[in-house]
Amino acid sequence: MDWEVILSDALRAGIGPVAAVYALAAVGLNLHFGYTGLLNFGQVGFMLVGAYGVAASVSTFGLSLWAGVAVGIACSVLLALLLGLPTLRLRAEYLAIATIAAGEILRMFYRSEWSEPVTGGVFGLQQFAGEFYELNPVAPDRYGFWLLNYSSRDIWVLSVSWGLVALATLLVWLLVRSPWGRVLRAIREDEDAVRSLGKSVYSYKLQSLVLGGVLGSLAGMLFALQNQSVNPDSYDPVVTFFLYTLLVLGGAGRVFGPVLGAVLFWAILTFFDSVLRQAIQGGVIPSTVLDASEIGAVRMALVGLGLMVLLVFRPQGVLGSRKEMQLDAR
């Protein structure tokens, strides 16, 4: 097996634009779950409305890219209000039910024949990111080192993707250290104590849901612009569960937890994928034992096994604090 290729594949995935998209969406989810204690199982719904906000604005209605970004953000704010206003006064399970249902309802609605004139239905929308790539200031050439080689277009996408992740992480870092952020963490620990101090728990929860949803919508826009296409079936509930996986891996309630979790998750996932493919091609694993079509399931099982081992020895995640976990348990 060619270990140089395997390691370069893993590194490329770990620092790639898809990892950045998941990191950005997980930063928003961390604000919900890690800092406020909101069980949002529909973060993918915010990604979907953000992606289609840009795609439909540009492709269907002929608006500019920036108008599309504004539409996507407005849609995510509206979605957060529609989900949060009726449920946040109730127990946490109601928000979980509402968000996971909303994500699936939106996916089915956007792929329906009724919405096809705007969303493209099951075929989605393509070729709407021209204005985004026209902003590319990087000179046409090949850039990189070792086996990592990128075009100027790739460098532009990576710069924008990780730049947004850095800005979102900085924003969360500033917010959680402000009085507003301290109220969020207090709500996570004990809502009744916060109410006794005269704070509106409902209002703070709603603000957190809106802000985290906007970050999720930006991740969806980024994903759509990278691919120059958007399809409803790319935004299924599995995406949200991936986000929780990398959040647990990096450490919930930690500013850099989602970023590290995204890098590790995609690097490890691609590492196993590349190892298995090399092993099959080299005859190390006979094709009668493992077929190429089964690699996806096997790699997920291996990642799941690794995550179980991590949770046994470090349940708070790579960056998590055991002391804070003990306080949460009380």
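How many nonpolar, polar and charged residues does the lining of the largest cavity have? The model is predicted, with local features requiring pLDDT of at least 70 and side-chain atom pairs pLDDT 80 or more, while totals for chains, interfaces and linings use all residues. Residues are numbered from 1 along each chain as its sequence is written, and side-chain values use heavy atoms, without hydrogens and water.

The structure holds one cavity of 30 Å³ or more, and about 40 Å³ of space lies in the largest cavity. On a 1 Å grid over the protein atoms alone, a cavity is a set of points where a 1.4 Å probe fits but cannot get out; a pocket is an open set with protein on both sides within 12 Å along at least five of seven lines; lining residues have an atom within 4 Å of a point. Volume is the space filled by probe spheres set on the points, which are joined across faces, edges and corners. The lining of the largest cavity has six nonpolar, one polar and two charged residues; Arg91 and Lys205 are among them. Here Ala, Val, Leu, Ile, Met, Phe, Trp, Tyr, Cys and Pro count as nonpolar, Asp, Glu, Lys and Arg as charged, and the others, Gly among them, as polar.

The second largest pocket contains about 220 Å³ of space. Its lining divides into 12 nonpolar, no polar and no charged residues, including Trp66, Phe132 and Trp156. The largest share, four residues, comes from α11; helices are DSSP runs (H or I, at least four residues) numbered from the N terminus.

How values were computed: Helices (H or I, at least four residues) and strands (E, at least two) are DSSP runs, numbered from the N terminus.
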